[in-house]
Amino acid sequence: MSGNIQLLSDTLAKAKSEDRAALVAYLPAGFPTVDGAIEAVKAVLAGGADVVEIGLPHSDPVLDGAIIQTADDIALRGGVKIADALRTVREAHEATGAPILVMTYWNPIDRYGVERFAAELAAAGGAGCILPDLPVQESALWREHAARHGLATVFVVAPSSKDERLATITAAGSGFVYAASLMGVTGTRESVGNQAEDLVRRTRATSDLPVCVGLGVSNAVQAKEVAGFADGVIVGSAFVKLLLEAPDLPAGLEAVRALAGELADGVRRS
């Protein structure tokens, strides 16, 4: 069975045709429970997200901040497994028809079996995989199986990436490019935004792939700012924080649905 890379491409192209950025939401599998995560994915899509990344919780999430680490810990203590992440992809895609990706560190896929994971993700209706710690030069095996099963391979670029490195990464990737940056941590919001905008510009010079920015966006104003220069706006911690702070799951679902609606308005550039 073929995966949904074409659905991902079509969804991003549709957003562009509407003169807006796509809204990409991130939620961890198994948090607050497996069933609760599935409902949360449905809620952000109902609120206006275009694409969802399902995070595979990891015991050492070196690229994730404290909020996602806390959610990952809850999911891992709840016994979440790769099969649960794949079930989340399947049920969310079947219920919504939206493109769903998995974001994961490489080690779980390597241990699970590269071919097996690619085949099962495609069978679940997945659109692809975001692999933040897989070096491009070590990615040939994954990319071979991803291509065979119709899955996107999304690599992460950073402001520190030199132009030559950007070209190497974008040539190997598919679906979109994940441009990672920071907002309000290492400098002023304006300077960090300029850094992200420069990264998008340099990345686009190497590839026609859409460039989606993960920037710590948490509200419509920030979403609009990033949508002014990026093809997609990626939001994760803001959704997870609402679920962590909610008194119960129904309240959490309503909160993430409402935030998705606000962000969906924000990514419309007019």
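**Around helix α2**

The cover over the buried residues of α2 includes β1 (22-28), β2 (51-55), α4 (82-96), β3 (100-103), α11 (237-245) and α12 (249-266). These elements belong to a predicted model. Let us look at the helix they cover.

Helix α2 spans residues 34-47, which makes 14 residues. From its first C-alpha to its last, α2 reaches 20 Å. That is close to the 20 Å expected at 1.5 Å a residue. How many of the 14 residues of α2 are buried? Ten are, and α2 is mostly covered. Buried here means under 20% relative accessible area. The buried residues are V34, G36, A37, I38, A40, V41, A43, V44, L45 and G47. Just after α2 comes G48, with a positive phi of about 135°.

Now step back to the whole protein. It has twelve helices and nine strands. Its radius of gyration is 17 Å, close to the 18 Å that the globule rule gives for 270 residues, so the protein is as compact as a globular protein of that length. The C-alpha atoms fill a box of roughly 40 × 40 × 35 Å along the principal axes.

What share of the 270 residues is buried? The figure is 54%. Next, take the contacts between residues at least 6 apart in sequence. Of these, 72% join residues at least 24 apart.

Last, the surface and the charges. The accessible surface comes to about 11300 Å². Carbon and sulfur atoms account for 50% of that surface. The protein carries 23 positive and 33 negative side chains. The centres of these two sets lie 2 Å apart.

Key: Residues numbered from 1 in each chain as written. Predicted model: local features only at pLDDT ≥ 70, side-chain atom pairs only at ≥ 80, totals over all residues. Heavy atoms only, no water. Helix = DSSP H or I, 4+ residues; strand = E, 2+ residues; numbered from the N terminus. Rg over C-alpha atoms; globule rule 2.2 N^0.38 Å. Buried < 20%, exposed > 50% of the residue type's maximum accessible area, 1.4 Å probe, protein only. Contact = heavy atoms within 4.5 Å. Areas by Shrake-Rupley, 256 points an atom, 1.4 Å probe, with all protein chains shown as cover. Lys, Arg positive; Asp, Glu negative; His and termini not counted. Charge placed at Lys NZ, Arg CZ, Asp CG, Glu CD. Expected span 1.5 Å × (residues − 1).
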